[in-house]
Amino acid sequence: MPKPFPMAEPNPVRSSIDHEDPEYAPLSGGAKPEDRRRPTKVILAGLSVLLVIGMMLGFFTDTKPDFCTQANDALLSMTREGAGPRSIPAEAVVRPGARGVKEGVSDKSSRIIAGVNVPSFPWNNSMLSWQRTAFHFQPEKNWMNDPNGPMYYKGWYHFFYQYNPEGAVWGNIVWGHAVSEDLIHWLHLPLAMVADQWYDVNGVWSGSATILPDGQVVMLYTGSSNESVQLQNLAYPADLSDPLLVHWVKHPGNPVLAPPPCINKLDFRDPTTAWYTSGGKWRIAIGAKINKTGMSLVYETEDFKNYKLLPGMLHAVPGTGMWECVDFFPVSEDGLDTSVNGPGVKHVMKVSLDDDRHDYYSIGTYDEKANTWVPDNPEIDVGIGIRYDYGIFYASKTFYDQNKRRRILWGWITESDSEAADVQKGWASLQGIPRTIVLDTKTGSNLLQWPVEEVESLRLSSKEFDSIEVKTGTVVPLDVGTATQVDIVAEFELDKQALGATPEADADYSCGASGGASQRGALGPFGLLVLADDGLSEQTPVYFYVVKGPNGTLKTSICTDQLRSSEASDVVKHVYGSFVPVLEGEKLSVRIMVDHSIVETFAQGGRSCITARVYPTKAIYGAARVFLFNNATEANVKASLKIWQMNSAFIRPYSDQ
């Protein structure tokens, strides 16, 4: 049986965090507090450099056997076992002028620079205004990226995020903050933390929250120092009685961790939520790399101020590059607290790969005593196997919702238009709909992701379509009115007689390497056209493609095709997707959520997910339509579906009242 989280454990750190330190005041409304510890910038710089050097030397002398020796031995062992390097797709190569790379994070710039790579499209205000979503979380303006420190506290869901208060491009990163009672309707709060200390003056970067058994809240985050060293820091609420947690205090003893030997100063970031061990201590994981081997290091602490680097590595995979935003948690058919462990408990290791900006996960077994996690199937290890999402979805973060006993996943959805267009509209990026995440016990190797149930409260009128036959080479309009904000649930069945008569094929299918929905095969593509205009000059197909292989085995892919999604020239247009397991007796099923410029797809109950950003110029407002289509050559398809119109969420600005 899983070992439960020790809620009855006597306050393990209550006395060790001083909430009333007389030398430090909490941030208020994002304002920069007076720095009582900095007589001059020169002295500050000198002291900070000496402190970081001292911390690194401390790690070197305290860690026995030597961390560098252990790491090198482990990497040599992996090489001998035949773990080959991972090739990075051409699209992941960093371009000149990339934002964030020299500062030590993944590329945060647009992949298209209008007027340089391609001609600028003449966007007007009406088109750009339409792109803003109605029920996804966004700041009121400017740039947003990684989700940070999500948690449920005293009746409120808290969401923090990387934010640039000064513009619609990456830079000047601080922590935005918003709260919600249902994960759908949000209240913006003042900035939680700003870059006002030597250890985070170049950016208050990603971090995680841990709620302790006695009710305290601990926030660990990465700061980029005045010397661009990535340092881990501690913060906590100024007033635990405030359910909104408006004001935050940075620990006066920050930083609490510096990069250990053999880890570059730019390759040590994004601490996880802490988990409680059988030995009565807390552990956190931090992403790092040595050469091109991505890894997760584990630190142990009793008070969140003093840490010990544990021997070895939680996990490492050669050729995967820097691991950002590591997440590590137990998983089952239900939500589990992060500290649950024991015989039979599976753990998820998730990493965000700096090199290609995708989120990968794998399911395996955690050995607390050995400080190791081992994937169940090394062929689909972290970084070389399954992704959370096969579209645009990065820097994701889960948290355990103790209110409803579920694990919830947040993910950053960036733009795929030009930076110039983002500046013109005044904002960039949004967050995906929060997803519940559970173990797929039927496959054992997949997670099931699904929009939180609260989003269904936005459903308005609906229309059902039962057993519509879609013949080969046809498009069927669906009379649902405008389709800018819709929730679609659909099932498809291939004609069994045609399926049996279709010859076996040796060819495999890859969404990304295909010609999209226009490439015809015997058993696909078929599905839906969303954000399409009446003349189909703009359309975003979401479709299944089935290949009949040896012995009649069927291999199914789910894809989203942006190739004809917009007549604009300065937007990225890919075909996203992946193989999706379809088990015996299962119908082909998909849920598609359309909210203006975002299309989220959940296939087979959430085994495979795709998020795409689309920027139509015609299929907007009342001109947006939905169609069924079947571009297969051999098999007709029956489709049954229900489509809801979706209401808008209330996302309110902050007011002292």
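**Salt bridges up close**

Guide: The side chains of glutamate 456 and arginine 459 form a salt bridge, 3.9 Å from N to O. A salt bridge here is a side-chain nitrogen of Lys or Arg within 4 Å of a carboxyl oxygen of Asp or Glu. Glutamate 456 is partly exposed, at a relative accessible area of 35%. Buried means under 20% relative accessible area, exposed over 50%, and partly exposed in between (1.4 Å probe, protein chains only).

A word on the source: this is a predicted model, where local features need pLDDT of at least 70, side-chain atom pairs count only at pLDDT 80 or more, and totals for chains, interfaces and linings use all residues. Residues are numbered from 1 along each chain as its sequence is written, and side-chain values use heavy atoms, with hydrogens and water left out.

Now to lysine 425. Its side chain meets that of glutamate 415 in a salt bridge, 3.1 Å from N to O. This pair links distant parts of the chain, 10 residues apart. Glutamate 415 lies in the loop between β21 (406-413) and α4 (419-425), and lysine 425 lies in helix α4. Helices (H or I, at least four residues) and strands (E, at least two) are DSSP runs, numbered from the N terminus. Glutamate 415 is buried, at 8% relative accessible area. Lysine 425 is buried too, at 13%.

Lysine 425 also forms a salt bridge with aspartate 417, at 3.1 Å from N to O. Both of these residues are buried.

Elsewhere, Asp401, Lys404, Arg406, Glu453 and Glu454 are linked in a salt-bridge network. The count comes to 33 salt bridges.
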